[in-house]
Amino acid sequence: MLEKRTGLKPISEAAKSEMQNKLNHKCKPIGGLGKLEGLAVKLAGIEGTVDLKTQKRMCLVFAADHGVEREGVSATPRNVTALQAQNMMAGHTTVAAMAIANHCAVQVVDIGIDADLNDPKVLDRKIRKGTTDILDGPAMTREEAEESIQIGHDVAQQAIDDGNQILAIGELGIANTTISSAIISVMLNEPVANVVGRGSNISDKRMLHKIDVIEEAISKWQPDATDPIDVLSKVGGFEIGGKVGAMICAAENGVPIIMDGFISEAALTIADGLYPGISQHIIASHASKERGTQLVMQRYDLDPLLELNMAVGEGSGAVLVLSLIDAMQSVLKNMNTLEDLDVFFTK
Ligand SMILES: O=C(O)c1ccc[n+]([C@@H]2O[C@H](COP(=O)([O-])O)[C@@H](O)[C@H]2O)c1
Ligand SMILES: Cc1cc2nc[nH]c2cc1C
């Protein structure tokens with residue numbers, strides 16, 4: 001299915017320079033809005049216009065469980081994935097609350113939760129009830145890995161067809177920082193200990209165990225970093241495949257997609273393996289507290305907008321960036337130009 005894709009929409013260098021030029025003429029010091037200028041320029045390049053379309057937005061939250069949770073790698077019980085999926089659609093989780101503040105719709109996609117939710121608000125695209133424990137076998141089959149990407153692609157395409165102009169991606173999945181660390185370690189060829197963090201707040205002892213579990217799984221299944229689907233299937237998760245598909249779909253459509261924390265970083269390594277350069281189409285929202293974040297950002301030349309020491313996931317960091325985008329839309333619409341006020345610089 002991946003071979004049939006048409007390719008990513010090219011980034012418009014003309015729209016990027018036009019946006020930078022527009023910002024340079026606003027009545028403020030040149031470059032005075034710092035990274036916010038880079039944000040507006042990037043959005044223009046992705047959308048191919050300086051008339052940014054950002055009003056209708058949706059956060060897609062891919063939710064799934066992980067067999068490796070049974071190895072005691074998380075501080076949190078497995079049932080929190082299902083619990084929070086429903087709680088989220090009722091409007092009460094971190095991302096749900098922050099999305100309200102940022103005028104953003106939220107859609108939870110059950111791509112592999114280990115429960116029968118029967119909740120009409122949760123989109124049911126379940127592949128199966130959680131992946132295989134990576135100490136017992138590969139997390140999923142190659143076909144399931146491809147299916148997870150296809151589901152993410154389909155859901156994002158539907159959101160775009162429904163008129164959403166900007167997407168944010170989040171996730172729910174107890175133990176998915178273990179899985180994300182495994183993917184990042186393999187894709188970046190970094191020692192496991194350099195990327196593993198405390199996830200949902202584990203002790204030193206559990207963190208050492210988490211590293212051992214990941215190292216054992218990698219040594220057992222030998223995921224091939226030159227074949228991203230192989231890595232996703234052997235040490236991945238359904239929600240990570242969903243994020244990969246959503247990233248690819250957004251980039252094909254010229255729709256900006258805002259990534260969230262560590263789990264999005266793992267998805268990015270897979271998406272970039274499939275489509276080198278895809279990070280140019282993706283907005284990095286915040287620097288997750290997880291250890292490997294800096295390594296991923298450096299590798300893909302990304303500079304997260306926010307540094308808030310957050311470790312919630314769900315898309316919470318991604319939706320916060322919408323407020324920065326709204327601020328830049330207001331700058332573009334309401335600010336005077338230097339010419340309006342006859343201000344001329346002499347450097
Ligand atoms: O997004 C992040 O950077 C992030 C960092 C730590 C934890 N999380 C969230 O917490 C859960 C995973 O933590 P853990 O310890 O169970 O691997 C999962 O539901 C994530 O959404 C998310
Ligand atoms: C309570 C809780 C909420 C979450 N949301 C996403 N991951 C989570 C992990 C925990 C522990």
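Hi everyone, and thanks for having me. Please keep in mind that what you see above is a predicted model.

Let's begin with the sheet. It is open and has 6 strands, in the order β3-β2-β1-β4-β5-β6, and the pairing is parallel. Which strands stand at the edges? They are β3, residues 123–124, and β6, residues 282–284; each has a single partner strand, so one side of each is left without a neighbour in the sheet. For β3, the pairing with β2 (residues 105–112) is parallel and runs over 2 bridges.

Now for the helices. Helix α3, residues 80–89, lies across β1, β2 and β4, and its angle to β2 is about 155 degrees.

Next, a helix pair. As a reminder, two packed helices are described by the angle between their axes and the distance between the axes. For α4 (residues 94–101) and α12 (residues 316–334), the axes come within 9 Å and cross at roughly 10 degrees. That angle is under 35 degrees, so α4 is roughly parallel to α12. On the α4 side, Thr94, Val95, Met98 and Ala99 take part, and they meet Ser316, Val319 and Leu320 of α12. By class, this contact has 5 nonpolar residues, 2 polar and no charged.

Ligand 1 has 23 residues around it, and Ser74, Gly199, Gly261, Ser288 and Gly313 come nearest. Which helix gives the most to this shell? That would be α6, with 3 residues. At least two residues each come from β4, α6 (176–188) and α10 (262–274). The shell around ligand 1 divides into 8 nonpolar, 11 polar and 4 charged residues.

Ligand 2 is surrounded by Thr76, Val80, Gln84, Leu172, Ser200, Val312, Gly313 and Glu314. Here the classes are 3 nonpolar, 4 polar and 1 charged. Notice that Gly313 turns up in the shell of ligand 2 and also among the residues that come nearest to ligand 1.

Last stop, Thr49, in the loop between α2 (34–47) and β1 (57–64). How many C-beta neighbours does Thr49 have inside 10 Å? There are 16, so Thr49 counts as partly exposed. Beyond its neighbours within four places in sequence, Thr49 is in contact with Ala15 and Ala44. Glu18 is 31 residues away along the chain, yet the C-alpha atoms of Thr49 and Glu18 are separated by 8.6 Å.

That's my tour, and I'm happy to chat.

Definitions and conventions: Residues are numbered from 1 along each chain as its sequence is written. Chains are lettered from A and ligands numbered from 1 in the order in which they are written. This is a predicted model: local features need pLDDT of at least 70, side-chain atom pairs count only at pLDDT 80 or more; totals for chains, interfaces and linings use all residues. Helices (H or I, at least four residues) and strands (E, at least two) are DSSP runs, numbered from the N terminus. A residue is buried if 20 or more other C-beta atoms lie within 10 Å of its own, exposed if 12 or fewer, and partly exposed in between; C-beta atoms are placed from the backbone. Two residues are in contact if their C-beta atoms, placed from the backbone, lie within 7 Å. A residue is near a molecule or strand if its C-beta atom, placed from the backbone, lies within 6 Å of it. Ala, Val, Leu, Ile, Met, Phe, Trp, Tyr, Cys and Pro count as nonpolar, Asp, Glu, Lys and Arg as charged, and the others, Gly among them, as polar. Two strands pair if DSSP finds at least two bridges between them. Axes are lines fitted to C-alpha atoms, for helices over the stretch in contact, and angles run from 0 to 180 degrees between N-to-C directions. Angles under 35 degrees count as roughly parallel, over 145 as roughly antiparallel, 65 to 115 as roughly perpendicular and the rest as oblique.
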